[in-house]
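Subject: Structure handover and findings

Dear colleague,

Please find below the structure that I am handing over to you. My notes on what was found in it follow directly after.

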Amino acid sequence: MIVSARVAGLFIGAPIFSRRSLPTRFRILLIFAISGLLGSAALPEKLPDTMDLVMHAMAGELLLGLAIGLVARFMIAAFQMAGTIMGRQMGFAMANGFDPEMQSQGTVIASLHTNLAAFLFLGIDGHHMLLRGLAASYQNFPIGGEIQGPLLAQTLMSSAGKIFEDGARVAAPVTGIMLLINVMLGFMNKINPQLSIFNVGLPLTVMVGMLAVMISIPDTTATILRVYEVLVSDVALLVGR
């Protein structure tokens, strides 16, 4: 049970593992299966022998596993934020849908970028990387040992700060094009006030925005792969490797 607490924390925080589309029973069985595989190598020589120490150890294990998972989730959130910014600039603010990955409402462009990031995460074996990092964490942070609170907080804050940086970098090309389109529409409305700018502007904004998103997909994919390289280093730092 103590070993499974850290694995459960990873499943709560990490992308893919925490998807609601995975049946709860399957996730529970997978948690205990992974815990059984790690049990012999993860258990220290001396285990907590009182209920208070057991509960304290399980809380620390859950926190450490959750931190490892959140580092990966923050990377996915950066591309969801980029898609949200682009979708609102394209006029999709009212066309929201439910995003099962983030368990929240989002624009269709945000769902596109979130799913693209999730597929690439699986494509580069990111889920296996998280499991390897989890296994390595038992060597550097044994069960019942001291939780490195400052290290966890610093790594999580650094990863959370990258959400805005990476999201703005991905959204910048499309947002810049939308800004130029809006400036052009403003000039058109000033030159010809009789022109129905709403009838012209909305289709033009959507059409140009979708074209810009399609053109930017290769660059977005390259950015996602670069961000995942940073993710590997952040997880290695978090688990002390």
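A nonpolar surface patch is made up of Leu179, Val183, Phe187 and Ile191, which together have about 450 Å² of accessible area. Patches consist of residues with over 30% relative accessible area and no salt bridge, with like charges joined within 9 Å and nonpolar side chains (Val, Leu, Ile, Met, Phe, Trp, Tyr) within 5 Å. A salt bridge here is a side-chain nitrogen of Lys or Arg within 4 Å of a carboxyl oxygen of Asp or Glu. Areas were computed by the Shrake-Rupley method with a 1.4 Å probe, and for residues only the protein chains shown count as cover.

The model is predicted: local features need pLDDT of at least 70 and side-chain atom pairs count only at pLDDT 80 or more, while totals for chains, interfaces and linings use all residues. Residues are numbered from 1 along each chain as its sequence is written, and side-chain values use heavy atoms, leaving out hydrogens and water.

Ile191 belongs to helix α6 (residues 149-191); helices are DSSP runs of H or I with at least four residues, numbered from the N terminus. Ile191 has a relative accessible area of 70% and is therefore exposed (buried is under 20%, exposed over 50%, partly exposed in between).

Tyr228 is located in α7 and is buried, at 2% relative accessible area. Beyond neighbours up to four places away in sequence, Tyr228 touches Met75, Ile76, Ala117, Ala118, Leu120, Phe121 and Ile124, where contact means heavy atoms within 4.5 Å. Tyr228 and Ala72 are 156 residues apart in sequence, with their C-alpha atoms 8.4 Å apart.

Ser4, in helix α1, counts as buried because its relative accessibility is 7%. Apart from neighbours within four places in sequence, Ser4 is in contact with Ile31, Phe32 and Ser35.

Finally, the end C-alpha atoms of α3 are 55 Å apart, which agrees with the 57 Å that its 39 residues should span at 1.5 Å a residue; the expected span is 1.5 Å times one less than the number of residues. After α3 comes Gly91, with a positive phi near 95°.

With kind regards

Conventions
Helix = DSSP H or I, 4+ residues; strand = E, 2+ residues; numbered from the N terminus. Buried < 20%, exposed > 50% of the residue type's maximum accessible area, 1.4 Å probe, protein only.
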